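Here is a short note for someone opening this structure for the first time. Please read the points with the model in view.

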Amino acid sequence: MALKDLPTEECILQGNAACPGCPATIGLRIVLKALGKNTVMVIPACCTAVIESLYPYTSFGVPVMNIAFEAAAAGASGVEAAFRQQGKTDTTIVAWAGDGGTYDIGIQALSGAFERQTNFIYICYNNQIYSNTGIQRSGATPYGAWTTTTVGGKTEFRKEMGEIVQAHHPPYAAQACISYPEDLYNKVLKAKSIKGPKYLEIMAPCPPGWRFSMERTIEMGRLAVETGAWALYEYENDKVTFNGKSKLILDGKIERKPIIDWIKYQGRFSHLFRPQTDTERIDALQNHIDKIWERYKSCYLY
Ligand SMILES: Cc1ncc(C[n+]2csc(CCOP(=O)(O)OP(=O)(O)O)c2C)c(N)n1
Ligand code: SF4
């Protein structure tokens with residue numbers, strides 16, 4: 001599916017409350033083009049709950065149930081059960097949560113929904129921070145990054161949410177990025193066509209949270225993939241298939257760019273360059289990514 005062939009119908013309307021250059025809105029726009037209007041969204045506390053606008057107005061063209069921070073997957077399970085009870089099986093139920101609501105506080109509800117085989121799509125838009133409450137660190141924040149709760153740079157490495165999800169053996173899981181809209185669109189369509197719990201995680205570079213200027217959102221996503229800080233893949237029937245630039249990197253057809261090419265544009269890493277370059281921490285971040293790719297190469301069937 002080429003970008004020009006995507007449906008023209010918009011479910012994210014004008015007048016929403018997103019920051020300029022917001023990746024959540026870019027991602028959700030593509031997601032809802034793939035899912036269409038027969039969709040119900042369950043959204044916990046996160047930026048998107050604000051982007052929707054203030055009651056009694058809405059900037060979303062689909063029904064939304066807002067729910068407590070920790071409860072996206074549990075709430076979506078309830079909605080799915082209620083629809084099933086009423087015989088409405090053609091509506092797509094989507095939980096849409098940030099990385100804080102997924103990696104951290106919502107992980108228990110998500111694990112439960114996987115175990116119950118809830119027929120829904122869980123989507124995490126990963127901006128690597130709790131942005132709605134003022135940029136706190138999450139389990140997805142990379143090592144070395146500044147946040148308001150890691151003022152000298154985060155001292156831990158990010159969780160491998162993809163591997164945690166795969167340990168539940170869902171019928172479908174995938175990683176995408178807002179900078180590759182056709183890939184994201186196709187992955188959402190695939191998820192929609194499969195019964196059971198599906199997981200999709202979207203890399204979402206956030207201008208105010210990562211401290212880069214708003215016109216660079218797409219570039220920051222592309223560099224995340226080109227440096228291997230993020231990988232594009234699908235997981236089906238216990239098999240991982242890499243795609244796009246991530247496949248080219250894995251197959252050795254293109255070189256993975258050094259991580260410095262991504263972090264040098266983000267103010268959240270500026271303390272690693274000034275007053276002098278902190279090679280120790282930059283190397284630690286690079287080594288961590290190298291290890292992830294070694295694991296991709298050795299453990300996964302692709
Ligand atoms: C139990 C609970 N703790 C804390 C909060 C405050 N809170 C609301 S949104 C949010 C951050 C959400 O972060 P994330 O899920 O990453 O989404 P983002 O804001 O980045 O879009 C927090 C801490 C809350 N609503 N409920
Ligand atoms: S803080 Fe980031 S994710 Fe939240 S609305 Fe602004 S750009 Fe979007």
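1. A definition first. Ala, Val, Leu, Ile, Met, Phe, Trp, Tyr, Cys and Pro count as nonpolar; Asp, Glu, Lys and Arg count as charged; the others, Gly among them, count as polar. On that basis, the lining of the largest pocket has 7 nonpolar, 8 polar and 8 charged residues. Keep in mind that this is a predicted model.

2. The largest pocket has a volume of about 370 Å³. Its lining is made of 23 residues, and Glu80, Thr89, Thr91, Asn119 and Phe120 lie nearest the centre. Two or more lining residues come from each of helix H3 (72-85), strand S3 (92-98), strand S4 (120-126) and helix H7 (181-193). H3 gives the most, with 5 residues.

3. The second largest pocket has a volume of about 200 Å³. It is lined by 18 residues, and those closest to its centre are Cys19, Cys22, Cys47, Ser131 and Cys206. Here the classes are 14 nonpolar, 4 polar and no charged. H1, helix H2 (47-51) and helix H8 (207-210) each supply at least two residues of this lining.

4. How many of its 13 residues are buried? The count is 11, so H1 is mostly covered, with buried meaning under 20% relative accessible area. Among the buried residues are Pro23, Gly27, Lys33 and Leu35.

5. The length of H1 checks out. At 1.5 Å a residue, the 13 residues of H1 (residues 23-35) should span 18 Å, and the end C-alpha atoms are 18 Å apart, so the two agree. After H1 comes Gly36, with a positive phi near 80°.

Technical notes. Residues numbered from 1 in each chain as written. Chains lettered and ligands numbered in written order. Predicted model: local features only at pLDDT ≥ 70, side-chain atom pairs only at ≥ 80, totals over all residues. Heavy atoms only, no water. Helix = DSSP H or I, 4+ residues; strand = E, 2+ residues; numbered from the N terminus. Expected span 1.5 Å × (residues − 1). Buried < 20%, exposed > 50% of the residue type's maximum accessible area, 1.4 Å probe, protein only. 1 Å grid on protein atoms, 1.4 Å probe; cavity = no way out; pocket = protein on both sides within 12 Å on 5 of 7 lines; lining within 4 Å. Points joined across faces, edges and corners; volume = space filled by probe spheres on them.
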